[in-house]
Amino acid sequence: MRKRRVLKTIILSFIIIVLVAILAALVIVLSFISKHGDTWKSLKNSALSIAENSTREDFCTALTSTVYYDDGSVVTSLKAEKDVYYLDYDKIPKLVIDTFVSVEDKRFYEHKGVDYIAIVRAAWSLYTNKEITQGGSTITQQLSRNTYLSHEVSWDRKITELFLARALETKYSKKDILEFYINNVYFANGNYGIQSAAMGYFQKDVSELTLSEVVFLCAIPNNPEKYDPLVNLDAVISRRNQMLNTMQELGVVTKEECKEALVEKINLNVVKTEKNNYVETYIFECAAEILMEKGLTHSEALAGLYTEGYSIYTSIDKTLQKQLQMSLDANLATYTEVNDEGIYELQGAAVSIDNDTGRVVAIVGGRSQATKGYTLNRAFQSYRQPGSAIKPLVIYTPLLAEGYTADTIVVDEKEDGGPANSNNKYSGPITIRDAVAYSKNTVAWKLFEEVTPQEGLKYLLNMNFEKIVSGDYVPAASLGGLTYGASVLEMTAAYATIENEGKYRFPGCITKIVDADGNIIYEVPETEKEVYSPYACVVMTDIMKSVVDYGTGENATIDGLTCAGKTGTTDKNKDGWFIGYTAYYTTGVWVGYDMPKEMDDLYGYTYPLQIWKAYMQAIHSDLEDKPFITPAEYLEDWENKQREEADSTKNKG
C-alpha cells in the first residue's frame, strides 16, 4: 500500500513537472511573441523562404575551399566528396537508418520535424541531473541547422530552426529527410555521409560493413572532435558499445548480435592521400581558431573548411617551407630507427617567422615520411622542456630593463643546492655577456632568484605560452625545467619578439579568408603588444650575437651575415634547441624523441644548430646583410628624438 502511494506520488510529481514545463514554455513563447511579434514573424518568414527555395541539390553538393601560399599558388583544395559518395535512400542499409533513428531521434516517424516530448524530456533531464544529458533536437532540426543555419547559440537561430524543420517536413518525405541527413552528417576528417566514412575509415562500401562497424561510424557525428577515430579510437569504441546496448534494449538488434558486435575488433584502414601534412595541419588549425571566433565549435570550424567554399590566404612561403623540411630531413637522415607504428624515433621540428610581419612563413612538424592517419605536428602540438633557450626570455631580458648591462659582473661558481654547468667548469667573475655566451647555469639560477619565478614567467604568459602551470614557479624554471614545456612555435615567436624590440605579434599564418560570395570575413590585424623594454631587447640581441660569434653557438656563424641566437640542451641530453635570427627571419629548431630519452651527442649546438644553419644559409643567399642596431646607436637615436620632441614643445610654447 505504501509503495503504491509512493509510486502515485512520483507519477503525480512527474505529471506536475511536465505540465509546469509545458506551461513555462508556453509562457516564454507567448511572452516572446508579445514582445517580439515582428521578429517572430520575420524569423518564420525567413524559415519558410529557405524551405520553399530549397532543392535536393542543396544536400548533394559541397563548395570547395582553396588554401593559397603567399605567392598565390595553391597549397591544397578542400572538398567533401558528397557528390561522389551520395547514396539514394534505397541504397542506404536499413541498419544505418535504424541506428541513427534509435540513437538520435527515437520518435522520428511520429513527430513533424519538432519533437515537443523530447524537448520536455531534455528539460526534465536538465532538472534532475543539473546538466543536459540528452538533447531535444530532432534529425530534421539537425539537418536544418547543418545545411542552412549557423551554430550560433541564440533564440533567433533556435526559433528559425524550429520553423525550418517543420517546413522541410512539409516539403519532403521522411525518407527524403533521412536520405539528406545520412548523406550530410559529419564523420570527422573531411568525411560527410556514411559512404564517405565507410570508404575513409575502412575502405569498404557501406553495404559491406558489419554491425559493429556501422554503429562505430554512427557514433562519430555526435561529437566529431571528441569521437575522431584517428585521434581517440577508444572513445569511439566506448560510445559504440553504449549505442549497441541501447539498440538491444529497443529491439533493433538481438542480444546475440549485440554480444558479437561488442567484442568485434575495429581495424581501421585509412589510406593517406598525398598532402603537405605539416603545413596543412597548422593552416587548418589557424583557420579553425579564426572561425571559432564567429561562434563555431572547433569541430564545426574544421568541418566548414570542407563545405563552405572559403578562399584562405596564408603567409606560408612555398620555397622556404621546402627548404626547412629539406634541412631537417638531411641533418637527421642517419637515424633510421622507427617505432612500432613505423614512425622515425628521432624527430625534429622547426618554425620560421618573417621579422617584418611576425607571421609564420615555414613550419615543419617532423621528418618527411609517408604515414597513415593522424600526423602529429610537433612544431605546435608538442611541448618540450626548452633548456637554456629559456634564459633570455625569463631572466636576462627582464634584468636588462632593470639596470643590468652586458658588462655587469656576475660570479660563476657552484653553490650548495644549485645546478652545475654542463661542462662542470666555473669561471668565477664574468660579464653577463659571457654568462649568456657560454650558457652558465649557475649564473642563470642565481639571477632568476632576483627576477623571481612569478615575474619571469609572467613574460611567457604575456606571449601566449599555453602550458605554464603552478608547479613551474620554481628555481628550476630558470634552466627550462617546466612541467609540460613549450612548443617550437611559442619559443620562436618569443625570440621574434626580442628581435622586434620587445613587441609581441601572434605567430599565425592566415592573412585573409574570403567566403564563397566574395566577402572578406577575416583580414589579419596589424597588432602588437609590448612585452619587453625595447632597449633591453636591443642589448639582448647584442649579447646573443656573442653566442654565435664565440659562445656555445659559434658554429652557427654564416659568412657575411649578422646573426644572434641561443642554444638549449635539457638534462641528460633529451632535448636540443637552437633559436636564432637575422634582421630578416627568426627560426627555432628542436630535436629529440617523442618519448624523451637520453642521446649522447644531442646538444643545442649539434643537430638543432646544424638544421638551423643549413636553412638560414640557403634562404639568405641572395640577401644583403642588415646589421642589428647597437645599444649605442639606439641610445643616440632615442636622445635625438627626445631633443626633437623638446624643441617641438618649446616652439609650440
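This short talk walks through a few helices of one predicted model. Residues are numbered from 1 along each chain as its sequence is written, and side-chain values use heavy atoms, with hydrogens and water left out. Because the model is predicted, local features need pLDDT of at least 70 and side-chain atom pairs count only at pLDDT 80 or more, while totals for chains, interfaces and linings use all residues.

Let me begin with a pair of helices, where a helix is a DSSP run of H or I with at least four residues, a strand is a run of E with at least two, and both are numbered from the N terminus. The axes of α11 (residues 233-249) and α12 (residues 255-263), which are lines fitted to C-alpha atoms over the stretch in contact, come within 9 Å and cross at roughly 175°, on a scale from 0 to 180 degrees between N-to-C directions. That makes α11 roughly antiparallel to α12, the word for angles over 145 degrees. Contact means heavy atoms within 4.5 Å, and Arg240, Asn241, Leu244, Asn245 and Gln248 of α11 meet Lys255, Cys258, Ala261 and Leu262 of α12.

Now, how many residues of helix α19 are buried? In α19 (residues 441-451), 8 of the 11 residues are buried, that is, under 20% relative accessible area with a 1.4 Å probe, protein chains only; among them are Trp445, Leu447 and Phe448. The buried residues of α19 pack against α17, β6, α18 and α20, and the helix is followed by Thr452, whose phi is positive, near 80°.

Finally, helix α9 (residues 194-202) has 7 of its 9 residues buried, including Tyr201 and Phe202, and just after α9 comes Gln203, with a positive phi of about 55°.

Note on methods
Angles under 35 degrees count as roughly parallel, over 145 as roughly antiparallel, 65 to 115 as roughly perpendicular and the rest as oblique. Buried means under 20% relative accessible area, exposed over 50%, partly exposed in between (1.4 Å probe, protein chains only).
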